[in-house]
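Me: I would like to learn how to read salt bridges in a model. Please take me through them.

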Amino acid sequence: MVKTHNYETIFIVDSSRGEEQVTALVEKFKSLISANGEISKVDDWGKRRLAYEIDDLTEGYYVLVEFTAAPEFPAELCRQFKITDGILRYIVINQAK
């Protein structure tokens, strides 16, 4: 059996792209995570003001996802975040117990 770990990721989507594109990006990453692991919780924080401007933007759409996956998957998830237009910031955290 493959050993899995608990992770959480928070990512911020460029909310100026419109509601349809924001929803499409959120769904893309939720399906990517569920294809490579098991999602235990999705918390849509919605549109919020950024602490500081990123690329002249002051608002972003925040999403928190808690999941379990193999230890190799977070590196691939980070790679996908990096190459996807519309992702302003992201972080993936190992929730070691």
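Me: Is E76 buried, exposed or partly exposed, and what is its relative accessible area?

Reply: E76 is partly exposed, at 29% relative accessible area. Buried means under 20%, exposed over 50%, and partly exposed in between, with a 1.4 Å probe and protein chains only. This is a predicted model: local features need pLDDT of at least 70, side-chain atom pairs count only at pLDDT 80 or more, and totals for chains, interfaces and linings use all residues. Residues are numbered from 1 along each chain as its sequence is written, and side-chain values use heavy atoms, leaving out hydrogens and water.

Me: Which residue forms a salt bridge with E76?

Reply: Side chains of opposite charge can pair when their charged atoms come close. A salt bridge here is a side-chain nitrogen of Lys or Arg within 4 Å of a carboxyl oxygen of Asp or Glu. For E76 the partner is R79, with the closest N and O atoms 3.0 Å apart. Both sit in helix α2 (residues 73–83), three residues apart, about one turn of the helix. Helices are DSSP runs of H or I, at least four residues; strands are runs of E, at least two; both are numbered from the N terminus. R79 is partly exposed, at 42%.

Me: How many salt bridges does the structure hold?

Reply: Four. One of them joins K47 and E59, at 3.9 Å between the closest N and O atoms. That pair links distant parts of the chain: K47 is in strand β2 (residues 37–54) and E59 in strand β3 (residues 57–69), 12 residues apart. E59 is partly exposed, at 35% relative accessibility.

Me: Is D14 buried or exposed?

Reply: D14 is buried, at 11%. Its side chain meets that of R17 in a salt bridge (3.7 Å, N to O). R17 is partly exposed, at 32%.
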